[in-house]
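Dear colleague,

Here is the structure I said I would pass on. My notes follow below it.

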Amino acid sequence: MTWENWTIVSEFILVSFSTLSSELQALLFLLFLTIYLVTLMGNVLIILVTTADSSLQNPMYFFLRNLSFLEIGFNLVIVPKMLGTLIIQDTTISFFGYATQMYFFFLFGAAECCLLATMAYDRYVAICDPLQCPIIISHRACAQLAAACWFSGFPVAIVQTTWIFSFPFCGPNRVNHFFCDSPPVIALVCADTSLFELKALTATVLFILFPFLLILGSYVWILSTIFRMPSAEGTHKAFSTSFSHLLVVSLFYSTAILTYFRPRSSTSLESKKLLSVSYTVVTPMLNPIIYSLRNSEVKPALRRVIHGTLGPQRL
C-alpha cells in the first residue's frame, strides 16, 4: 500500500456506551458524575487532612497524599470526556486530543503502579524493621522515591504515544472504548504492529506485573512478621494499616491484570469496558474511603481538621 492510498485521520469517534439506550446512558451519566464528584472531594480531603494534621506527617501518609494527587489526575484525564459522550453525545475527539489523553493515561497509570509498590515497601520497612525505618525511609528518601514514581511514567508515556501515532491510519476512526487506550486504536492501524505490541507487552509487564509481584513479596514478609508479634495491640495496628493498602492494591491490580493480560479471544469488548471502568473510575473513588474509614489515625485527624476549620466560626 502506498501513502497515496491512506486516508488522513484528523479525529476519532469514541463509541463509549452509545450502543445502550438513551435512558440507560442518562442513568450512567448520573452514576459516573456522582462517583467523579465523590472521588474529587474524597481525595482532596485526604490531601488537606494529611497536610494539615501534625500527627500524620510520616512516610505512609506522605505517599498516600501522592496517591490522592495521582487519582485526581487520573480521573481528570478520563471522566470528563466520558461524561460528555453520555450526556451530549460528544463522541468525537481530535487526533491531538486522543494522543494527549493517551499520554496522560500512560503517565498516571505507570506512576500509580510504581507508587503502590513504593507504599508496600514503606509498610515492609515500618513493620519488619521498625528501628531502621527512620533512617531507611527518611524525609529525603520519601521525596526521592515519590519523584521516581512520578517520573517513571514519562518514558513509557512518551515512547508509546509517539510510536502509536507514527503509524498510518487507513480511514476507519471508530474506537470502541470510552477513553483513549492503546489496544482499540492499534486495531485501526494499517501497518504491521507486531513489534509495537511486543514492546507494549514488555512495558506492561514492567509497570503492572513486576510491581505487583514486588507487592506480593513484601506482604509475604509483612504478614509473617505480623503473625509473630507478641502484642495483640501491635498486631492489630500493623494489620489495620497494611490491610487498607492491600485492599487498594487488590482492587487496582486485579482489574488491570484482567484487562491487559487476558487473551484477546476470551475477552469481549464490552467486558473489557466494564473492567476498565473498575480501575479508572471506581477504584479512585474507593481509595480515600478505604483509607479513611478503616484508619484509626485518619478519622480523628479529620475531626480535628473540621473542628479547627469550623470551630472558630461558631464562636
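**Contacts and fold**

In the protein, 80% of the contacts with a separation of 6 or more are between residues 24 or more positions apart, a contact being heavy atoms within 4.5 Å. Please note that this is a predicted model, where local features need pLDDT of at least 70, side-chain atom pairs count only at pLDDT 80 or more, and totals for chains, interfaces and linings use all residues. Residues are numbered from 1 along each chain as its sequence is written, and side-chain values use heavy atoms, with hydrogens and water left out.

The protein has ten helices and three strands, taken as DSSP runs (helices H or I, at least four residues; strands E, at least two) and numbered from the N terminus. Their order along the sequence is β-α-α-β-α-α-α-β-α-α-α-α-α.

Of the 315 residues, 48% are buried, meaning under 20% relative accessible area with a 1.4 Å probe, protein chains only. The largest nonpolar core has 86 residues; such a core is a set of buried Ala, Val, Leu, Ile, Met, Phe, Trp, Tyr and Cys residues joined through side-chain atoms within 4.5 Å. Helix 3 (residues 95-128) gives the most to this core, with 19 residues. Phe12, Phe32, Tyr98 and Leu116 have the most contacts inside the core. Leaving aside residues up to four places away in sequence, Phe12 touches Tyr98, Phe165 and Leu188, among others.

Residues 26-50 are 100% helix, with end C-alpha atoms 36 Å apart. Residues 62-83 are also 100% helix, and their end C-alpha atoms lie 31 Å apart.

Regards

Methods
Buried < 20%, exposed > 50% of the residue type's maximum accessible area, 1.4 Å probe, protein only.
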